[in-house]
Amino acid sequence: MPGMSGWKQVYDWFERRLQIEGPVKDAVLHKVPRNTASWWYVFGSAAFTLLMLQVVTGILLALVYVPSAAEAWNSLNILNHQVPLGWFLRAIHAWGSNFMVAVVFIHMAQVFLFGAYKFPRELTWTVGVFLLLMTLGMAFTGQVLRFDQDAYWGLGIGVFIMSRVPWVGGGLVHLLLGGPVIAGATLSRFFALHVFVIPGTLLFLAAVHIWMVLKLGVNEWPMPGRLVRKETYVEEYNKLAHEDGIPFVPGAFWKDLVFSGAVLAAVAVCAAVFGPSGPGGQPDPSIIQTVPKPDFPFLWIYAVLSYLPPSMETPFILIAPILMIAGLLAVPFVASEGEKSWHRRPIAVLALSLVAVSWAVFTHLAMSTPWSPHMSAWSGDTLPVKYLQEATPLVRQGAVIFQAKQCRNCHSVDGRGGERGPALDAVATRMTPDQMRYKVVTGGGNMPAYGKNLSPPEIEALVSFLETLHPANEPPAFDASRHLAETSSAPQPVSAKP
Ligand code: HEC
C-alpha cells in the first residue's frame, strides 16, 4: 500500500495529464444566489439521480434479458422467480421509470413557474423539452420490451396511431416494427432503441443541459418587479451571485443530496411493496385484451380520445402532439424577457393550473373507464357450472378454450360478458355446427378470425361446446341437407357456408 505521499504522487500523475481539478473546483465552488438553496430547486438533480439509477439497473437487467420474441417473456419470468432479487431489480427499474417521468414533469413545472427559461436560459429549456420527450420514449419502449399482452396491445395501438400520419404513416410503421406486423424484428428494433439510441441521446442531452446550468448559473429566486432585460441581466445576476452568493457545494448541494436520497428510498419502497410489473400473459393476437392499460402518464390520452367524437380522433392524434411540443418549445422565445415572479404572471399560473387540472381530471376518468363498462368486470369470470354438468369431455375442452380465448370479452353468456358480439346463450338454435365453425375460423363483421390460432381439434371442441348453447326446450339447429344426406342413400352436395 502506498502511503499518503504515494497516493499524492498517483493523484498528481493523473492530474498532470487530465487537468480536471480546475474545472471540478469551478463547478463545485461556483457561487449561486443565496435563495436558490431551496427545496424548490431539487427536482433537476433528482431527475438526474433517477437517470443514473435507470442506467445501472438497466445494465443489470440486460445481463439476463434476452431480446428475442421467443425468449423475452421467459427471461423476465426467470428474473422474477429464479434469479435472487431479480424481481426486485425489475421492480426498481419499473418504478424508477415512473418516478423519473413524474420528477421530470415537476421539474418542468417549477422551471416554468419560476421563469427560469428566460434569457439567457432559453436553450437550456429547449434541450429540456427534448429530454422530456426522450424520457417518455424510454418509458414507452421499455414497456414494449416486456413483450407481454399489455406491451403487444399498447404497441398495436401506438402504431395504429402512427399509421394515420398522411403519406408516410405506412412507411413509419414499417420502419418501427421492422415489417408489416409486430414480430421478432420488432423486439430487436425496440431493444436497440431502448438500450442504445434513446439512452445515448438522453445522456448526451443531459450533459449539455447540466453544462449550461453550471455555466449560466442557477436561476435566481424570482422577485416581483425584478425584470429580465437582455442588456443588463448577466451583470445583475453576477452581482447577486457574488455579493450575496454561497458556494454551490455544500450551500445548495446538501438539499439535492437529501431529496435524491429520499426519492431513491421511495422507489425502493414502491418496488418492495408493489413488485415488478408483469410480465402479463404471453402475447397472443387472438386474445382480445380487456383494456391495454397505458402507463400512468399516458392514461389521459385514452380518456380524451374516448370522449372525442370519432371524426375528431385522427385530427386530434395527428395535430395535438405537434401543437403541444411546438407550444413547449415556443415558451422561452415568446417570453424571453420581463417578469419572472409568478405573483405577476397570472397567465402563466392560469395556464399551468389548467394543464394540471385537466391532466388530473382525464387521468381520473381514464382510471374509471366509464366508456367501456363491459370491458373489464367479467373477463376473468368462469362459466357457470350448469354449462358443464353432464357435458362430455370434448364439450368441456371446448368450454376451456372458450374461456382461454376470452370469447366472453365480446359475447355474453348467462347475462355476463361483452356486448360487441351477439349473446351466445341460444346460438345453437340460430346456427348449425358448420356455420359456427365457419364463423369462428373466418371471423368477419368485427369478429376476429381464429383459424390461425386454434388447431382443428380445438375448433371441433369449441364448436361442440357452442352446440350445447340452447334453451332446454328448444332443439339446436341442424343442417337439413346433411341430415338428408345421412338418412337417404343418394349422395347429396353438402354446403353449409352461410
Ligand atoms: C372482438 C370481439 C369478439 C370476440 C373476442 C369474439 N367474437 Fe364472436 N362475434 C363478434 C361479433 C361482432 C360478431 C357478429 C359478427 C357479424 O355480425 O357477422 C360475432 C359473431 C359470432 C358468432 C355468430 C353468432 C351469431 O349469432 O351470429 C359466433 C358463433 C361467435 N362469434 C363465436 C365466438 C367464439 C367461439 C369466440 C371465441 C373463440 C368469439 N366469438 C370471440 C365479436 C367477437
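**Fold and backbone**

Modeller: The protein chain contains 20 helices and four strands; helices (H or I, at least four residues) and strands (E, at least two) are DSSP runs, numbered from the N terminus. This is a predicted model in which local features need pLDDT of at least 70 and side-chain atom pairs count only at pLDDT 80 or more, while totals for chains, interfaces and linings use all residues. Residues are numbered from 1 along each chain as its sequence is written, and side-chain values use heavy atoms, with hydrogens and water left out.

Colleague: What radius of gyration does the protein chain have, beside that of a compact globule of 498 residues?

Modeller: The radius is taken over C-alpha atoms, and the globule rule is 2.2 Å times the number of residues to the power 0.38. For a compact globule of 498 residues, the value would be near 23 Å. The C-alpha trace spans about 110 × 65 × 40 Å along its principal axes. The radius of gyration of the protein chain is 30 Å.

Colleague: What distance does helix α5 reach from its first C-alpha to its last?

Modeller: Helix α5 covers residues 86-113, which is 28 residues. The expected span of a helix is 1.5 Å times one less than its number of residues. For α5 the expectation is 40 Å, and the reach is close to that, at 40 Å.

Colleague: Which residue is joined to Phe119 by a cis peptide bond?

Modeller: Most peptide bonds are trans. At Phe119 the bond is cis, with omega about 0°.

Colleague: Which helix holds Pro250?

Modeller: A cis peptide bond joins Val249 and Pro250, with omega about 0°. The helix that holds Pro250 consists of residues 248-251 and is α11.

Colleague: Is Phe147 buried or exposed?

Modeller: Phe147 is in the loop between α6 and α7 (149-162), and its phi is positive, near 50°. Buried means under 20% relative accessible area, exposed over 50%, and partly exposed in between (1.4 Å probe, protein chains only). Because its relative accessibility is 8%, Phe147 counts as buried.

Colleague: What is the relative accessible area of Asp414?

Modeller: Asp414 lies in the loop between α16 (393-404) and α17 (427-430). Its phi is near 60°, a positive value in a residue other than glycine. Asp414 is partly exposed, and its relative accessible area is 34%.
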